Amino acid sequence: MNTQVIALVVFAVLAVVILLQLYNVLGRKTGFRPEEKPAGPKGEELDAAVRAERVPEGMRMPNLETLKTRDVNFNEINFLEKARETYEQVVIAFHKGELDPIRDRLSERVLTSFRDAIGRRTGAPKDTVSFVDTPKADLDLIDFKEDLAQIRVRFLSELAYEEVALPGETTDAAVPVTTPDKKAEPAKPHRTYKRTAEYWTFQKVMKNPANPWLLTKVEAAKA
């Protein structure tokens with residue numbers, strides 16, 4: 001009887017050991033299960049992450065943020081609008097040979113250069129100039145030289161030149177066109193067109209925020 005009890009105890013212990021071994025092997029999770037897929041970010045969190053990765057437009061122009069730090073009132077959109085306005089007015093004033101209306105927007109060097117160029121003309125211009133469309137203006141470069149800030153703007157424009165008759169003269173455009181069955185009609189003014197691409201550099205002394213941006217250099221650019 002004792003032998004049978006001992007045998008049953010031994011078999012029971014063996015059974016427990018075997019069950020524990022089976023549990024250790026079969027009870028563990030193996031491989032990848034769909035329900036174990038880590039939860040992704042919610043829609044709002046994903047949008048925020050995408051926005052954080054995007055580089056603001058202003059950051060693409062080197063030194064722009066530095067300029068805004070040194071001149072808290074600087075705004076690139078307002079600056080470009082003012083630069084475009086200056087560009088249009090200076091082009092027309094220079095063509096007419098009348099620099100007084102725009103002299104406060106020019107540095108002394110540019111003003112002297114423009115005056116010399118006008119002085120070399122043989123007479124008053126025989127045509128007028130106008131812009132076909134609004135010139136395109138883009139920031140091209142921002143640089144600093146000690147206390148001076150410089151901004152180079154790239155302008156693309158198309159100009160229309162129209163001949164005008166000077167006092168006592170008659171141009172081909174002023175000669176009327178007559179036909180047998182029609183009354184005399186003046187011919188349409190003769191126009192020529194020219195596309196231009198230029199870099200205009202504006203400079204400002206940063207010591208005083210009220211200082212104006214002055215045109216300091218004009219150079220040709222690739223269209």
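Mentor: Helices (of at least four residues) and strands (of at least two) are here DSSP runs, numbered from the N terminus. Counted in this way, the protein, which is a predicted model, has 5 helices and 7 strands, and from the N terminus on these elements run α-α-α-α-α-β-β-β-β-β-β-β. Thr216 has a relative accessible area of 10%, and because buried means under 20% relative accessible area, Thr216 counts as buried. Leaving aside its neighbours within four places in sequence, Thr216 is in contact with Ser107, Arg109 and Val110, and also with Thr201, Phe202 and Gln203.

To place this residue within the whole, consider that 25% of the 223 residues of the protein count as buried, and that, among contacts between residues at least 6 apart in sequence, 64% join residues at least 24 apart. The accessible surface of the protein comes to about 16600 Å², and 55% of that surface belongs to carbon and sulfur atoms.

For a contrast, turn to Phe11, which is found in helix H1, spanning residues 2–26. Phe11 has a relative accessible area of 58% and is therefore exposed, since exposed means over 50%. Together with Ile6, Val10, Leu14 and Ile18, Phe11 forms a nonpolar patch on the surface, and these residues have about 510 Å² of accessible area together.

Key. Residues numbered from 1 in each chain as written. Predicted model: local features only at pLDDT ≥ 70, side-chain atom pairs only at ≥ 80, totals over all residues. Heavy atoms only, no water. Buried < 20%, exposed > 50% of the residue type's maximum accessible area, 1.4 Å probe, protein only. Contact = heavy atoms within 4.5 Å. Areas by Shrake-Rupley, 256 points an atom, 1.4 Å probe, with all protein chains shown as cover. Patch = residues over 30% accessible without salt bridge, like charges linked within 9 Å, V, L, I, M, F, W, Y side chains within 5 Å. Salt bridge = Lys/Arg side-chain N within 4 Å of Asp/Glu carboxyl O.
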